[in-house]
Amino acid sequence: MKENLKTENLELLVAAGELELINWSPEEFESKLQDAMKQTYQRALKAATDFGYQKESPEALLHGAAISAFLSIASGMSDQGCV
């Protein structure tokens, strides 16, 4: 679950770091965006395969993304003592 926190930190950076965006060069922004997209894709595909969807399945990414988002939220709630 600690690995999920690292990837979630990037999402928080994107969501909460709007002021930092002003200081990024276009190349730096593009690089960070590509990294975030790759991580999101990899997390979704891993979640899909972990829960029995085949990589080749058209709906694997859709279900994987939903599963990954749910697990991230559940992990955060657990870390905060909500669950």
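Which residues of α4 are buried? The legends below answer this and go on to other views. The model is predicted: local features need pLDDT of at least 70, side-chain atom pairs count only at pLDDT 80 or more, and totals for chains, interfaces and linings use all residues. Residues are numbered from 1 along each chain as its sequence is written, and side-chain values use heavy atoms, with hydrogens and water left out.

**View 1. The buried side of helix α4.** Ala60, Gly64, Ile67, Ser68, Ser72 and Ser75 are the buried residues of α4. They cover an arc of only 135° around the axis, so they sit on the same side of α4. The arc is that of the directions from the helix axis to the C-beta atoms. On the other side of α4, Leu62, Phe70 and Ile73 are exposed. Buried means under 20% relative accessible area, exposed over 50%, and partly exposed in between (1.4 Å probe, protein chains only). Helices (H or I, at least four residues) and strands (E, at least two) are DSSP runs, numbered from the N terminus.

**View 2. Length and end of α4.** Helix α4 holds 20 residues, 60-79. The expected span is 1.5 Å times one less than the number of residues. Just after α4, Gly81 takes a positive phi of about 80°.

View 3. α3 has 25 residues and reaches 36 Å from its first C-alpha to its last, close to the expected 36 Å. Asp50 forms a salt bridge with Lys46, the closest N and O atoms being 2.7 Å apart. Both residues lie in α3, 4 residues apart, about one turn of the helix. A search of the whole structure finds 1 salt bridge, defined as a side-chain nitrogen of Lys or Arg within 4 Å of a carboxyl oxygen of Asp or Glu. Just after α3, Gly52 takes a positive phi of about 95°.

View 4. Ala48 lies in α3. Ala48 counts as buried because its relative accessibility is 0%. Other buried residues of α3 include Ala36, Arg43 and Leu45. Leaving aside neighbours within four places in sequence, Ala48 is in contact (heavy atoms within 4.5 Å) with Tyr53, Ala60 and Gly64. Ala60 and Gly64 are among the buried residues of α4. Ala48 and Ala65 are 17 residues apart in sequence and 7.7 Å apart in space, C-alpha to C-alpha.
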